[in-house]
Amino acid sequence: MSNSQYGNVRLLGLPQDNNSSYLTGPALAPARIREAFQCDSANLFTETGFDLGDSALWQDAGDVALSGLAGKAAFDAIYDSVQQSLNAGHRLLSLGGDHSVSYPAILAYADAYPGLNVLHLDAHPDLYDDMQGNPYSHASPFSRLMETGKLNRLVQVGIRTLSRHQQQQAERFGVEIHHMRDLSGVAELSFDGPVYLSLDLDALDPAYAPGVSHHEPGGLSTRAVLDIIHNFKGQLVGADLVELNPLRDINDMSAMVAAKLAKELIGRLLVDSPAR
């Protein structure tokens, strides 16, 4: 296939962490992932054969200017930037940032892609009505999204911290949860219509990605996450990768894991048709 069939994928940084409930640091992640992405210890080929050193395939759109912004102003800036990219015909891999950035990013996608499905990989369901009095916490984005009624399905994989409140929220919103203790159905994941993949790095076991704010033992391996990215059935139209905390990393290993996942997400976006 010629590169003219590709080339509309963009990388967008969302450096915000002021909705974190425990530690800050994820605002530093977009820059660190970019450094790891280009690190000479690896190369720029995806496992599906794309050479991401070819600028005809994808471009880096830089960061949304979020310094000094919080609350609605920050979310509006994210929504507007994502919407502008979608209106220009691009598909985005967004780099957070804490998981709160997914709310405005996915909302822009839901407005552009009616019937949007979300595949969410995480240790946490992020379904709190609010966390510590903040309804826009990084622990609440999927409650805010499901309240809009704009998502067709929310499917969560790797969950291992389900509180009673979040169980009630999952039942309220009809969330489909594949708990970490039983992933027997994950290999058969299939979606009708467009899919957005939201990947929190703490979906992985801390042994694979210690550079996160919340260490939750018993998680996915890097290979298991890659298998999901490569093999779920459906059309990937957008994605985000969130919650790397460089201040907690060890020898940049989590940043390298994040960069690897970013490469494969870009590869999947390149494979899948952008038909609307």
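**Figure 1. Helices α4 and α5 in the predicted model**. Helix α4 covers residues 141-148 and helix α5 covers residues 164-173. In this predicted model, their axes come within 11 Å and cross at roughly 20°. Angles under 35 degrees count as roughly parallel, so α4 is roughly parallel to α5. The crossing of the two helices is left-handed. On the α4 side, the residues in contact are Ser143, Met146 and Glu147, and they meet Gln169, Arg172 and Phe173 of α5. By type, the residues of this contact divide into two nonpolar, two polar and two charged.

**Figure 2. Helices α2 and α3**. Helix α2 runs over residues 71-87, and helix α3 over residues 102-112. Their axes come within 8 Å and cross at roughly 40°. The crossing of α2 and α3 is right-handed. From α2, Phe75, Ile78, Tyr79, Val82, Gln83 and Leu86 take part in the contact. They meet residues of α3, among them Tyr103, Pro104, Leu107 and Tyr109. The residues of the contact between α2 and α3 divide into twelve nonpolar, one polar and one charged.

**Figure 3. The aromatic pair of phenylalanine 75 and tyrosine 103**. The structure holds seven aromatic pairs, and this view shows one of them, formed by phenylalanine 75 and tyrosine 103. A pair of aromatic rings is described by the distance of the centres and the angle of the planes. Here the ring centres are 5.7 Å apart and the planes stand at 75°. Planes over 60 degrees apart count as edge-to-face, so the pair of phenylalanine 75 and tyrosine 103 is edge-to-face. Phenylalanine 75 belongs to helix α2 and tyrosine 103 to helix α3, so the pair ties together parts that are 28 residues apart in sequence.

**Figure 4. The open sheet of eight strands**. Across the sheet, the strands follow the order β2-β1-β3-β8-β7-β4-β5-β6, and their pairing is parallel. The edges are formed by β2 (58-63) and β6 (176-179). Each of these two strands has a single partner strand, so one side of each is left without a neighbour in the sheet. On average, neighbouring strands of this sheet are turned by 20° against each other, direction ignored.

**Figure 5. Strands β4 and β5 within the sheet**. Strands of a sheet pair through backbone hydrogen bonds, either parallel or antiparallel. Strand β4 (residues 116-121) pairs with strand β5 (residues 151-159) in the parallel sense, over six bridges. Histidine 120 stands opposite glutamine 156 in β5.

How values were computed: Residues numbered from 1 in each chain as written. Predicted model: local features only at pLDDT ≥ 70, side-chain atom pairs only at ≥ 80, totals over all residues. Heavy atoms only, no water. Pairing = 2+ DSSP bridges. Helix = DSSP H or I, 4+ residues; strand = E, 2+ residues; numbered from the N terminus. Axes fitted to C-alpha atoms, helices over the stretch in contact; angles between N-to-C directions. Parallel < 35°, antiparallel > 145°, perpendicular 65-115°, else oblique. Left-handed = near helix turned anticlockwise from the far one by under 90°. Contact = heavy atoms within 4.5 Å. Nonpolar A, V, L, I, M, F, W, Y, C, P; charged D, E, K, R; others polar. Phe/Tyr/Trp six-rings, centres within 6.5 Å; stacked < 30°, edge-to-face > 60°.
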